[in-house]
Each structure stands twice: as structure tokens, then as C-alpha cells.
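I opened this notebook to keep track of what I looked up in the structure, one topic at a time. The entries go from the chain as a whole to its sheets, then to single residues.

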Amino acid sequence: NLIENPIDKITHINILQNRASAHLEAIVHNFVQESSIKNNKDLWENKIIYLVREVVSAVDPNVREGDSMDIRNYVKLKIIPGGSMDENVFIDGVVFRKNVSHKKMMQERTKTDPRVLLLSGGIDFQRMDTKLSSMDTLIEQEDKYMEILVDKIMSLKPDIVLVGKSVARRAQELFCKYNVIVMQNMKQDLLDRISRMTGAKIISSTDHMFQQFGQECLGTCGDFTLRIIQDDPEKMDQQKTQRILKTRIARGSTYAYIQGCPSERGCTLVLRGADRSTLNEIKHIISFSVLIAYHLRLEVAYYTDRCAMLPSSSDEIDYNLESDDDLVDLSDCN
């Protein structure tokens, strides 16, 4: 019963893939129906299945190079309440909420093929508390130090500088002149994800970065975009009832989109179209479904390598089967 005809082998692969797909759909259907989602359950079910398939077909952890077998470590689910269901999208990169360090940096909100520099430390002037000196002298020393430090950083010609700690005001003004976007007080796990997606090395200090790394410390991506999004409509409504003035400016929050990265390294799913509690429940469903779908993909690949096939009598496949006893192992095939 060896699969000698290549066409027959492709047919059996398709059968295994269809069975895995139907199994995933059944699991997601049960999750959604048993959840507390009140509206548009069928639409959410279709959207969840679509996003999960996008993730599993794109993200491919490299275990040989030390990646985890758990694909969820490389899939970020970003909840942004409000909006519509059409805004649930797959992003081949990183999405995070963070404002720029200087308002003038918002003038150019999109950069194509930017060069990204990651610093885990800060860009500031360390004053000596043990010595007495005049304020004018301190300001002059700080200005000169910031100019030297910024010139050193700009010799690498970065377009985006993401800093783990604070950035001095003087340094922010100098970066504005170079048309560079700077974000400060970035969390370490966020820097790690950006480093993985862009290929940039996280530099602890600017003192020796040229001798150690040079241009190699920079990373890149397809696009870097800043978007202002009304991300919490429930909170906005509460503030409206508490305020005396009826009219006010709704500013929203600034989100950074780093896109166009190698999708096999990881991704971000942006979840919108409902309130926060509903999106939290959808997040849990997607997280578990991604793990199931990834293992189904591995199982199909394993059965294909073993030339396992379904018996000819199982043309009508029972997708509710929980065991694989009906698979025939033909591991001696070529």
C-alpha cells in the first residue's frame, strides 16, 4: 500500500490538511459559542480562524538556533478597544503604544526602510553631586556633552532611536534637527521583540559601540508609522460625564507600527472592534487556537514524512475523532 504515484501523495496530503483545518474550525467554534461574547459570534469565529491561519502560515520558529517550540512566544496580541472588526489585522512586525519624546518628531509620521538603533541605557548628562559649581557651568558642560554624544550616534545615520531610559531635553532638540524619531523609557521585553524583528543589536552604552559593532548594530524594517488612535471609548465616555465643559479635544493615544519585518521571526495581531473585556476573551481564544493550529501543522508534516494516509474507506472523514488510530503508517516509503 505504498504511495507510489505523486498525484496520489498530493491528494492524501490535501486530505490530512483538510482534516486538520476542519478540526481547528470545530475547536474555535466551540470556544466562541461557549464564551461570553454577546454580539457577532459568527463574524468573530471567522475572523479568529482567519488570523490564526495567517499566524501559523507565516511564523516559523527556528528551534535549531535556540527558538522555543511554543509559537506563542513570538506572537503578540495587541488589544486596542474601539474601532471596527475590519481593523483586526496581521502585522509582520511590532505594534506598541508609545509617544515620541519631542512633539516636533510627530511632523513626519512615516518612514520607509528606516535604520533602527536600540539603546538599553539613557542619553543624559551625569552630574557630579560631590562638587560645587555654578549653574551656567553645568549647563555649558551638559550642552557640549550632549552635542558630542548625539554626533557620535548620528555618525551611524539612524532614523529611529529607541531608548530604554530617559533622554535629555537637549539631546531631543538635537535629534529633531537631524529629523530622527526618538522614544524613551522603552521596556526591556519590548526592546527584545524589536531587536528580534528588525535585527538590531541592543547596545548597553554608546561609549564602545563603534569599536564593538559599528554599522552592524543597526536594524531595519519596511515601514515605521506613528498613528493616533482613539483606543478606549469607554474611558472617553466616563470622562465626558465627569467634565463640566461639554466640548473638548479627544487626542487619543500614539501607537508605533513597525512593519515589513521577516514574518517567520514573529508577528503582532491587532485586535479591535469591541470593548476591552470582549477583546480580552477573544485574545485568550486566539492564543490557545494558535498553539493548536501550529501543532496540527507539525502533525500534518510528520504524517506526510511518514507517508501516513487515511484508509480508503474514510472518504467521509469524521472530524470529531480525537484519536489517530485510523492513520496507516507507511514509514518505509520513499
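This is a predicted model: local features need pLDDT of at least 70, side-chain atom pairs count only at pLDDT 80 or more; totals for chains, interfaces and linings use all residues.

**Entry 1, the whole chain.** For the secondary structure I noted eight helices and 12 strands. I then looked up the contacts with a sequence separation of 6 or more, and found that 77% of them are accounted for by residues 24 or more positions apart. The accessible surface of the chain comes to about 19,200 Å², and carbon and sulfur atoms hold 47% of that area.

**Entry 2, the four-stranded sheet.** I traced an open sheet of four strands in the order β3-β11-β10-β4, with antiparallel pairing. Each of β3 and β4 (110-112) has a single partner strand and stands at an edge, so one side of each is left without a neighbour in the sheet. From one strand to the next, the twist averages 15°.

I went through the pairings in turn. Strand β3 (residues 94-97) is joined to β11 by four bridges, the two running antiparallel, and here Val95 has Tyr257 of β11 as its bridge partner.

How many residues of strand β11 are buried? I found seven of the seven in residues 253-259, so the strand is largely enclosed by the rest of the structure.

I looked at Gln259 of strand β11 on its own. Its relative accessibility is 18%, and because the cut-off for buried is under 20%, Gln259 counts as buried. Apart from neighbours within four places in sequence, Gln259 is in contact with Ile91, Asp92, Cys221, Gly222, Asp223, Thr225 and Arg227.

**Entry 4, helix α5.** Returning to α5 (residues 188-198), I noted as buried Leu190, Leu191, Ile194, Ser195, Met197 and Thr198. To read such a list I recall that an α-helix has 3.6 residues a turn, so residues three or four places apart point the same way. Gly199 follows α5, and its phi is positive, near 85°.

Another open sheet has three strands in the order β1-β12-β2, and its pairing is mixed. Here β1 (75-79) and β2 (89-91) are the edge strands, each with a single partner strand, so one side of each is left without a neighbour in the sheet. The twist averages 25° from one strand to the next. Three bridges join β2 to strand β12 (residues 267-271), and these two run antiparallel; within β12, the residue opposite Val89 is Val270. Helix α2 (residues 41-58) lies across β1, β2 and β12 and runs at about 20° to β2.

Which residues make the nonpolar surface patch of about 240 Å²? I found Val63, Met69 and Leu298. Val63 sits in the loop between α2 and β1, and Met69 likewise lies in the loop between α2 and β1. Val63 counts as partly exposed at 41% relative accessibility, and Met69 is partly exposed with a relative accessible area of 45%. Setting aside residues up to four places away in sequence, I noted that Val63 touches Ser68 and Met69.

How values were computed:
Residues are numbered from 1 along each chain as its sequence is written. Side-chain values use heavy atoms; hydrogens and water are left out. Two strands pair if DSSP finds at least two bridges between them. Axes are lines fitted to C-alpha atoms, for helices over the stretch in contact, and angles run from 0 to 180 degrees between N-to-C directions. Contact means heavy atoms within 4.5 Å. Patches are made of residues with over 30% relative accessible area and no salt bridge: like charges are joined within 9 Å, nonpolar side chains (Val, Leu, Ile, Met, Phe, Trp, Tyr) within 5 Å. Accessible areas come from the Shrake-Rupley method with a 1.4 Å probe; for residues, only the protein chains shown count as cover. A salt bridge is a side-chain nitrogen of Lys or Arg within 4 Å of a carboxyl oxygen of Asp or Glu. Buried means under 20% relative accessible area, exposed over 50%, partly exposed in between (1.4 Å probe, protein chains only).
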